[in-house]
Amino acid sequence: MEKKSVRGERTIPYGDTCQVVHVNAHNYAGLKARESKNRIMSSFFTSLEDEVKPAGLGLKYAAEGQERYYLDGRAYSVSSDKYLLVNTSIPSLDVAIKGKSTWSVCIDIDEALVNDLLLQQLQPNELDNYSEISRYLLTPELFVREVQAEEPLKAYLQQIIRASASNTIERPAIELIYDLVGFILQVNKETIHSYYKLQTIKPSTRKELFRRLLTGKEVLEEHVYSPLCMKQVAEACCMSEFRFYRLFRQCFGDSPYNYLYKKRIEESTVLRKQGLSWVEIASLLNFTDLAAFSKGFKKVMGVSPTKSIP
């Protein structure tokens, strides 16, 4: 479909149809090929190994069982609690299901459709600037990651799997895609707005800087339990320490140090619920002593550790 604005201006076309297929070990080879830019492919497997190639924005989710995807030596887990977002910034990735009954769904969404809805979210009062949609193109790194599946989206994806598997979808399948994109953009709203907070002239520069900042954010999250200096993080991002600090704060609204500090405090509540003492937690999270931890906890959470979780 080629959309037109109120003034008849031509815009980026996107598919207005959606292919729906259900696959298993017997028909997978014949049905895995795409026939439209938007596709819902539900599946049931107990074992599978294959290479998949993303098309547009792809969502992978398992209502029962588990799928594992592998990219550049890293494993991504897909289950009832987590889904994976991928896109054409990566040529291919490997998928494996091993010895476990798995009901899952792979949904491919036309990238132009995602951009259209993204533009509407970022500039809801604009009617006639669809010709500039390309400048809102999602950066590749924005949507290649595991995401926690919240209850509304989990219920919706499980509904899609059941309807697809039983061939009982009662309305045009493209409408399911429209609703799903709305869910995805809502869940990732904070990340999307962080991306557009970067003050750059060229979209290509913004994409590259955001990719580096996400790398830094990932490094910080990997060091909740281990010592880390910000110079190391900046080097991992191929930036000077000052530039990393300035752009991280511009993008995410906090300094790298404070971001890591808050992550450690958040993790402390998880450890406490697992039965660890506050002294053990302070040590595990690299605080100098219990007093320093308690002071930091109260600063972040507003109450002392003992009043938060006895």
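Strands S3 (57–64) and S6 (82–87) pair in the antiparallel sense over 4 bridges. Pairing requires at least two DSSP bridges between two strands. Strands (E, at least two residues) and helices (H or I, at least four) are DSSP runs, numbered from the N terminus. This is a predicted model: local features need pLDDT of at least 70, side-chain atom pairs count only at pLDDT 80 or more, and totals for chains, interfaces and linings use all residues. Residues are numbered from 1 along each chain as its sequence is written, and side-chain values use heavy atoms, without hydrogens and water.

Within S6, asparagine 87 is the bridge partner of leucine 57. S6 also runs antiparallel to strand S8 (residues 145–148), joined by 4 bridges. There, leucine 84 stands opposite glutamate 146 of S8. Because 5 of its 6 residues are buried, S6 is largely enclosed by the rest of the structure. Buried means under 20% relative accessible area, exposed over 50%, partly exposed in between (1.4 Å probe, protein chains only).

Now the helices. The expected span is 1.5 Å times one less than the number of residues.

| Helix | Residues | End-to-end C-alpha span | Expected span |
|---|---|---|---|
| H3 | 15 residues | 21 Å | 21 Å |

H4 buries Ala173, Ile174, Leu176, Ile177, Leu180, Val181, Ile184 and Leu185. Down the axis these fall within an arc of 165 degrees, so they line one face of the helix. The arc is taken from the directions from helix axis to C-beta atoms.

Buried residues of H3 include Leu153, Tyr156 and Ile160. Their cover includes S6 and H4. Just after H3, asparagine 167 takes a positive phi of about 55 degrees.

Conventions:
Contact = heavy atoms within 4.5 Å.
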